[in-house]
Amino acid sequence: MKSGNIMIVGVGGQGSLLASKLLGHLLLTEGFDVKVSEVHGMSQRGGSVVTYVKFGEKVASPVIDEGEADFIVSFEQLEAARWLKYLKPDGHIVTSIQKIDPMPVITGAAEYPEGLIEKMKEAGAAVDAMDCLSLANEAGSSKAVNVVLIGRLSHYFDIPEESWIKAIEKIVPEKFVELNKKAFKLGREFEG
Amino acid sequence: MKQLMLGNKAFARGLYEAGCSFVSSYPGTPSTEITEEAVKYEEIYCEWAPNEKVAMEAVFGASLAGVRAFCGMKHVGLNVAADPLYTMSYTGVHAGIVIGVADDPGMHSSQNEQDSRHHAIAAKVPMLEPSDSAETLEFVKLAFELSEKFDTPFLVKMCTRIAHSQSVVETSERVCPPVKPYEKNIAKNVMMPGNAIRRHPVIEERTKAIREWAETSDINKVEYGDKTIGIITSSTSYQYVKEVFGEDVSVLKLGMVNPLPEKLIRDFASNVTRLIVVEEGDPIIEEHCKALGLKCDGKNELPLCGEFSQNIIAEALGGELHEGRSLDVEIPVRPPIMCAGCPHRGIFYTLNKNKCVVMGDIGCYTLGAVAPLSAMDMTLCMGASVSAVHGFNKALGSEGEKKSVGIIGDSTFMHSGMTGLANIAYNESNSTVIILDNSITGMTGHQQNPTTGYNIKGDPAGKIDLEALCRAMGINRVVVVDPYDLKECDRVIKEELAAEEPSVIIARRPCALLKYVKHNTPLEVNTDKCTGCKSCMRIGCPAISMKDGKACVDKTLCVGCDVCTQMCGFGAFERKE
C-alpha cells in the first residue's frame, strides 16, 4: 500500500487518541508522509468522535471525506454505521461489536438499530466484526480494545509484525506494553 | 529529527525556538494545547490568566520589560482581549509580541463561527496563517522577528484543523535574544489623545510597509500549474485545494492574511484565465480582490457557513467527487453529554423540576440544555448568565426573581462573571446566581484557575475564596450546597429564589474525571425491586439505560454518585461492597 486513509471512530473517551498516535508513529517510521486529525473539546464528552489518519508520499488535506476511507476502525457498531458513507467502494471496516446507547436511545426518543453488522455487509462493505472487549479482557484490560482493533487492522498491511510491535513499545507506557502486545496478537490472529 | 507534531504543539515549539520567555493565556478549544505544551519548556514562564484581556495586558507588560511574549486564545477570546489589542497596535512593542488565535469553523466546540481576520483588519495588526504544523513552527518564529522589525504585535491565526492535526516537523535549537533594557517612552506608550493622535499615522505607514514586504516575501507563494484556473487561498483551504486539484491549477497561497498584497495578486490574476478565491469563513480575500477591480469567484460558488473539505471544493469547482454507500437505517445521533457522576447533573435536574428560567454560560454545564435535563433558556458568551439574569429580573420584577437563575462555572465566574455580580449588588436586583464550583476548568480539559489553589504546573498557588469574594461584593446570602444531595439542592434553590435580596449558591463538588476524585463502588439494579417506572431516566445519566423493562447500570461508567438512588422510590439501586 503506497498511500491510505484510515478513520478511527467511536464514542468520546474510548481510547482513539492512543490508536491514532500509534498508527501515526508507525507510518512515519515506515517512511510515509503522515497527517493525523483529532477532535478535542466538547465532542469528547461522550459524543461521536472521529480521528483521521492519512499517509502517502505527500499528504495534503488532514481530513477524510465521504467515499475516501480505505479503512474504518470502529470501537462501536452504531459509529461504524454512522460513518459508513466515508468508506471507499472497496474499503474495509474493522469494528468491535460493542454497543453503547446514545442519549436519544437511553431516553427512549430513538431505538438502537438491530442487525447493523449484517446490514453493512448487505450494503457491500467488507466488515470484520470482533468481540474486542472480550479479547481485550483476555489480554488483561478492557482498555486495550484500541490495540485489539489495531492488531486486526495490521493484518491488511504489508508492514512486518515487528514494526507494529516496536511502535507499541514506543507509544504505550512501559508497564502496559506486555498487555498491549498480547492484545495486538489477539486482534491480528482473529479469524473473521 | 523529523517527527509528527500537533499544530498547537508545533506552535509551542516555535515559541521555544524563538526565545519567547513569557506566556499568559486563557484556555479555549482549539487553542489550549499551545500553552499546555509551552509550559513543558523550563525556559518559558507560563500562566493561566483569569481571562484573555488580562493575559494580553500581562503580555504587553512583559514586552515593555524587554522579553518576547505570547498569549493564546480561541476566536471568541479575542473579543474579550480586543480592547488592549486595538491600542497595542498603536503603542507597538518593545520586545516582540505574538498573539495566537484559534478559529473554529464548523463549531466543533464553540458558540459561533466568527472569522478572526476581521479583528486583524480592524485593529490594523498583521496576521499570519499557517497551513500545517511545519509552517506553524516557522511562522511563529518569523512573527517574533517581524513584530520587532515593524514594531507591532503579530497575530498568528490557527483553526481547528491546523491546531488539532499532526503533521511532520523538523525542530531546531532555541535562540533567545538578550532582554532589551526597559526604556521610558511616554509619547509611544501612554495612549492619551495627544500621543495617540501622533501614533495613528505611524500605524498607517507601518501597514503600508508590511504590505510592501509581503509583496515579495516568500510567506506568500505562487505555485503555477495549468493557468486556466488560478486559486487564491490560505490555511487549511490550501490543503483541500491541493488535495482536489494537485498541479492542475495555479495557486497563490497566502501566508500573511493581513495586510493583503496588491501587486502580487494583480500579477497572479493577470496570468490566469479564471480567478477563484477559496477561503473558509467570510469573503475577506475575495472583497480585497474585488476592491482591486479584479473579476473573481468565491462565495458565489463556496459556502459561507461551516468547514470546507475536499468534497465541498470538488463539488463547487468541478473536481473529482467521491461518493460513499449509504445504509437504509435511521442512525440515532450521539450528542456530547454530561459524564456519569458529573456534579452538575443534580443542580440541572432540580432547576428543571422547579421550572426555573435558567440563564446559562460557557462550559461543560452548557450540556444542561440537553434532554432530558433541558434546564437552560439561553447561552451567549462567557459571563453572560450573571449579567442577563439581572436584566431579566429588572424587566420582570418579582415575577422573574422568583423563578430565574444565572448559572456559571468557577472558572467562567473568575473570567467575567464577577462584573455581572457587581452589577446585581450595585443596582439591586433580587437575582440568584449559582456558581458550579467543580474545582477545575472542565470543558477545555482540566486547567487550573484562580479558585483551585494551583498554578499551570500544578504547584500550590494563590487561591481565591469564592464565598468571601461574593460577600465582599455585597452579597449577604452565600450558601454552599453539595450537588449530589438532591433534597438539599431543592431546598436551597427554593429558599434563595424566595429571598428578597440577591443570593449566590455555590454548588461545590470536584469534576468526577479529576484523578484525585475517589469513586464509589458502582451501583446495581435489583430487578425484583425495579418497577420500570423510569424515574431514574429523568436525570439523563449515560450509565443508566432500560433493558427488558427494567433499569440497568453500566458498571464501566457508573461512579456511584447515588443521584439515581435518590430518584428511585423503590430502593432498586443497590451497592454490593
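A salt bridge is a side-chain nitrogen of Lys or Arg within 4 Å of a carboxyl oxygen of Asp or Glu. In this predicted model, the side chains of Arg334(B) and Glu79(A) meet in such a salt bridge, with 2.5 Å from N to O. That pair belongs to the interface of chain A and chain B, across which three salt bridges are found. The points below take up this interface, then the domains of chain B, and then some features of the backbone of chain B.

**Where chain A meets chain B**

- The contact brings together 56 residues of chain A and 56 residues of chain B, and the two chains bury about 4,500 Å² between them, with 59% of that area on carbon and sulfur atoms.
- Beside the three salt bridges, the count of residue pairs in polar contact between chain A and chain B, both residues being at pLDDT 80 or more, is 23.
- Several elements of chain A each supply at least two residues of the side that touches chain B, among them helix 1 (16-29), strand 3 (48-56), helix 2 (77-82) and strand 5 (87-96).
- The largest share of this side of chain A, five residues, comes from strand 2 of chain A, which spans residues 33-37.
- Sorted by class, the side of chain A that touches chain B holds 27 nonpolar, 13 polar and 16 charged residues.

**A strand pairing between the chains**

- Strand 2 of chain A is joined by two bridges to strand 8 (residues 165-170) of chain B, and these two strands run antiparallel.
- Within this pairing, Val36(A) stands opposite Gln166(B), a residue in strand 8 of chain B.

**Domains of chain B, and the contact of domains 3 and 4**

- Chain B is divided into domain 1 (2-216), domain 2 (221-323), domain 3 (344-508) and domain 4 (524-574).
- The contact between domain 3 and domain 4 of chain B takes eight residues from domain 3 and 10 residues from domain 4, while the centres of these two domains, taken over C-alpha atoms, are separated by 28 Å.
- About 830 Å² is buried between domain 3 and domain 4 of chain B, and carbon and sulfur atoms give 63% of that area.
- Arg345(B), Tyr349(B) and Tyr484(B) together supply 63% of the area that domain 3 of chain B buries against domain 4 of chain B, which is more than any other three residues supply.
- Between domain 3 and domain 4 of chain B the count of salt bridges is zero, although four residue pairs in polar contact, both residues at pLDDT 80 or more, are found across their interface.
- On the side of domain 3 of chain B that touches domain 4, helix 15 (344-353) and helix 20 (486-498) of chain B each supply at least two residues, and by class this side has five nonpolar, no polar and three charged residues.

**Backbone features in loops of chain B**

- The peptide bond from Thr29(B) to Pro30(B) is cis, with omega near 10°, and Pro30(B) lies in the loop between strand 2 (22-25) and helix 2 (32-38) of chain B.
- Asn258(B) and Pro259(B) are likewise joined by a cis peptide bond, with omega about -5°, and Pro259(B) is found in the loop between strand 12 (256-258) and helix 12 (263-271) of chain B.
- Asp151(B), a residue other than glycine, has a positive phi near 55°, and its place is the loop between helix 7 (133-150) and strand 7 (154-159) of chain B.

Conventions: Residues are numbered from 1 along each chain as its sequence is written. Chains are lettered from A and ligands numbered from 1 in the order in which they are written. This is a predicted model: local features need pLDDT of at least 70, side-chain atom pairs count only at pLDDT 80 or more; totals for chains, interfaces and linings use all residues. Side-chain values use heavy atoms; hydrogens and water are left out. Domain bounds come from an automatic or database domain assignment. Contact means heavy atoms within 4.5 Å. Buried area is the accessible area (1.4 Å probe) that two parts lose on being put together, summed over both. A polar contact is a pair of N or O atoms within 3.5 Å; within protein, one must be able to donate a hydrogen and the other to accept it, and residues adjacent in sequence count only if both atoms are side-chain atoms. Helices (H or I, at least four residues) and strands (E, at least two) are DSSP runs, numbered from the N terminus. Ala, Val, Leu, Ile, Met, Phe, Trp, Tyr, Cys and Pro count as nonpolar, Asp, Glu, Lys and Arg as charged, and the others, Gly among them, as polar. Two strands pair if DSSP finds at least two bridges between them.
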